[in-house]
Each structure stands twice: as structure tokens, then as C-alpha cells.
Amino acid sequence: MIRLFVAVLLTLVTLPSLAADWPELKLASEHPIDGMRGGNLSGLAFCRGALWGVSDRDDDRIYRFDQHNEVWRAQPLTFSPPPVPESGLPWGLKSRNWAVSYIRGGQFDYEGITCDQAGNIYLVSEAHVAVLQLPVVGAPAWLRVDPAMMRQARATGMLLNFNALFEGLAINPAGDRLWLAAERERRGLVKIERQQSVWTCGRTCVLLSEAGVEMQPPQMPNARALSRDFADLAWFEGKLFTLERNAYRVCRRHADSGEVERCWSFAADALVPERRYDQPFGLAEALVIDTKGAWIGLDNNNADRADGESRPVVWRFAAPQGGWSITP
């Protein structure tokens with residue numbers, strides 16, 4: 001027990017100095033969003049020639065963003081989700097998810113959105129640990145996922161706690177490999193592959209399962225150690241990019257192992273006094289990576305920012321010098 005305590009203490013002591021070594025992304029612009037019925041932006045994707053968003057409070061719509069002005073306008077695309085398939089979640093988690101949906105809204109609790117090159121859109125439901133496909137033509141349908149995925153993930157300690165299930169997803173352009181991010185306690189990465197009509201584990205589903213805590217960046221008022229987390233995933237040029245909310249960073253990872261290759265902080269510009277929220281944790285929940293930079297969206301939980309802004313906000317950060325593929 002003493003040895004474990006010392007190891008954790010050393011980790012906490014060294015993390016702030018490591019954070020200082022992360023290159024800082026530079027904020028290029030920010031865009032409040034009008035027209036999201038439920039607010040609470042929880043995912044972003046570039047699809048069908050436009051940037052789209054999803055709210056974890058809206059069960060029947062996603063939003064296409066009109067980006068012509070500094071303030072964006074959300075244009076809804078509505079749909080009717082079919083009944084959710086059995087996920088393998090235990091009764092206790094199902095009942096808590098059901099109860100909270102009546103309090104805050106959002107039975108499905110969509111926490112991520114992604115898109116393949118054919119234009120099919122995918123949403124991950126945290127409440128049901130399921131993925132909904134919105135095809136270009138035809139009705140929405142839930143992916144048929146091998147139950148081994150749930151068994152393997154839970155066996156490593158993921159997907160055990162309420163409101164700490166799947167928080168983001170990404171798909172490759174061909175649309176036959178899909179990655180899911182478990183949020184926290186333990187956070188992790190899961191990969192499934194399409195085999196005809198069923199999504200299976202291949203050799204294994206679990207790429208990464210990680211526990212522990214780390215310090216928030218020094219720019220955060222009253223910075224403290226919080227559980228390591230993933231808030232979203234993005235796929236770009238054969239790599240996975242993770243949005244790590246409480247650490248205020250984006251990391252590039254190997255798509256087949258989940259191993260971190262490079263990280264960039266966005267704390268310096270995100271945590272200037274006028275952009276802060278009176279919240280003890282990070283609020284970034286949505287990520288898109290492209291050649292010129294990153295889109296990062298905030299789920300502000302209907303709270304006001306220090307400057308009074310109460311709408312969902314998307315930040316545009318310029319790509320790092322040398323591009324996203326630069327090696328350390």
C-alpha cells in the first residue's frame with residue numbers, strides 16, 4: 001500500500017512539468033452557435049461537405065452548421081431512431097440511465113458523431129452503449145455488434161460506472177473499422193470491424209484500458225488531480241486523435257494500439273479569464289482534425305462563461321507547426 005501511494009504521489013508531482021513541455025495550439029477563431037434546441041454540444045464531424053454537431057439532449061436530430069458568419073446557425077436534420085438492441089449493460093446501469101433521461105432529457109445521450117467517406121453518419125449513445133447509423137439513403141439503424149465487445153471492455157474495468165461509458169467514436173473512410181472511447185474510470189479505446197452485417201472484435205476489441213489521475217493544467221484555477229478521461233475521438237490520415245478534456249489537450253495515437261505518439265495543449269488560449277466557466281472540470285467534448293487545424297466544441301451544460309456567453313461554442317485552433325504528423 002505504501003509503495004502504491006508513493007508511485008501515485010510521484011506521478012502527480014511530475015505531471016505539471018510534463019504539461020509544460022506540450023506544444024500549445026493557437027486559437028484562430030471562436031464561434032457561438034444559435035439554434036441548437038437542447039444546447040449541450042457533445043460531438044462534431046465533417047460530413048457531406050459541412051460541419052455537423054450533435055447534442056446529448058436531442059434524441060431525434062443532428063445539426064448542420066451554417067458557418068458563413070462568426071455566429072453559426074444550427075440547421076436540424078431530424079430522424080426517428082428505431083428501438084435500441086440489447087447491449088449487455090447490467091440492470092443497475094440501465095435503470096439509472098432511464099431515470100436521468102426524465103430529469104435532464106435525452107434518452108439516448110448521444111456523445112459522439114462521425115462519418116465515413118460515403119456520407120454515412122454514426123452516433124454513439126452513451127446511455128445504451130450502442131451506435132446508430134444514419135445512412136445517406138434509407139432509415140436509421142443500430143449497428144449489430146458482437147456481444148464479445150461488451151464482455152471484453154468490462155473485463156478490463158471499462159464501462160462499469162454510470163455516466164462514464166462511451167463518450168466518442170471515429171470511423172475510417174472505408175467505413176469498415178470503428179473506434180469507441182470509454183470516458184473514464186477506466187478510460188480506454190475499443191475497436192470493432194465490420195464483417196458483413198455484424199461488427200466484431202477481430203483479434204481483440206480492447207486497444208487500451210487506463211486508470212489513474214493527472215493534474216489539470218496550471219492555467220486552471222484551483223487545479224487539481226482528476227481521473228484521466230477521453231471526451232471524443234477523431235480519425236485523420238491513419239491516426240486516432242483523442243480529446244482529453246480535463247488535461248486540455250489533443251493527442252495523436254496509433255490506430256492499432258492506442259499508444260500515444262504526440263500531444264498538444266490548448267489550455268493557454270482556452271483558459272484566459274474571459275473564456276472560463278465556473279466549473280471544476282474541462283468542458284471540451286467535440287473534436288474534428290483536418291489539415292489546417294482542429295475544431296474543438298464545448299458542452300457548456302447551459303452555464304454562462306465569464307464574459308456572459310451562454311451558447312455552445314466551437315473553437316478553431318491552427319494546426320501545429322510542421323503539421324499533425326510531426327514526430328517528437
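**Close-up 1. Strands E4 and E5 pair in an antiparallel arrangement.** In this predicted model, 6 bridges join strand E4 to strand E5. Among the paired positions, Tyr-63 has Pro-76 of E5 as its bridge partner.

**Close-up 2. Strand E5 also pairs with strand E1, in parallel.** Ile-33 is bridged to Trp-72 in E5.

**Close-up 3. Asp-59 is a buried residue without a salt bridge.** Asp-59 lies in the loop between strand E3 (50–55) and strand E4 (61–66). The nearest side chain of opposite charge belongs to Arg-37, 7.2 Å away. Polar atoms of the Asp-59 side chain instead face backbone nitrogens: that of Gln-107 is 2.8 Å from one such atom, and that of Phe-108 lies at 3.0 Å from a polar atom of this side chain. Beyond its neighbours within four places in sequence, Asp-59 is in contact with Phe-79, Pro-81, Gly-106, Gln-107, Phe-108, Asp-109 and Tyr-110.

**Close-up 4. Helix H3 has buried residues that are covered by several strands.** Helix H3 spans residues 148–155, and its buried residues are Ala-148, Met-149, Met-150 and Ala-153. Their cover includes strand E10 (166–171), strand E11 (177–182), strand E12 (187–195) and strand E14 (206–210). Just after H3, Gly-157 adopts a positive phi of about 100°.

Methods:
Residues are numbered from 1 along each chain as its sequence is written. This is a predicted model: local features need pLDDT of at least 70, side-chain atom pairs count only at pLDDT 80 or more; totals for chains, interfaces and linings use all residues. Side-chain values use heavy atoms; hydrogens and water are left out. Helices (H or I, at least four residues) and strands (E, at least two) are DSSP runs, numbered from the N terminus. Buried means under 20% relative accessible area, exposed over 50%, partly exposed in between (1.4 Å probe, protein chains only). Lys and Arg count as positive and Asp and Glu as negative; His and the chain ends are not counted. A salt bridge is a side-chain nitrogen of Lys or Arg within 4 Å of a carboxyl oxygen of Asp or Glu. A polar contact is a pair of N or O atoms within 3.5 Å; within protein, one must be able to donate a hydrogen and the other to accept it, and residues adjacent in sequence count only if both atoms are side-chain atoms. Contact means heavy atoms within 4.5 Å. Two strands pair if DSSP finds at least two bridges between them.
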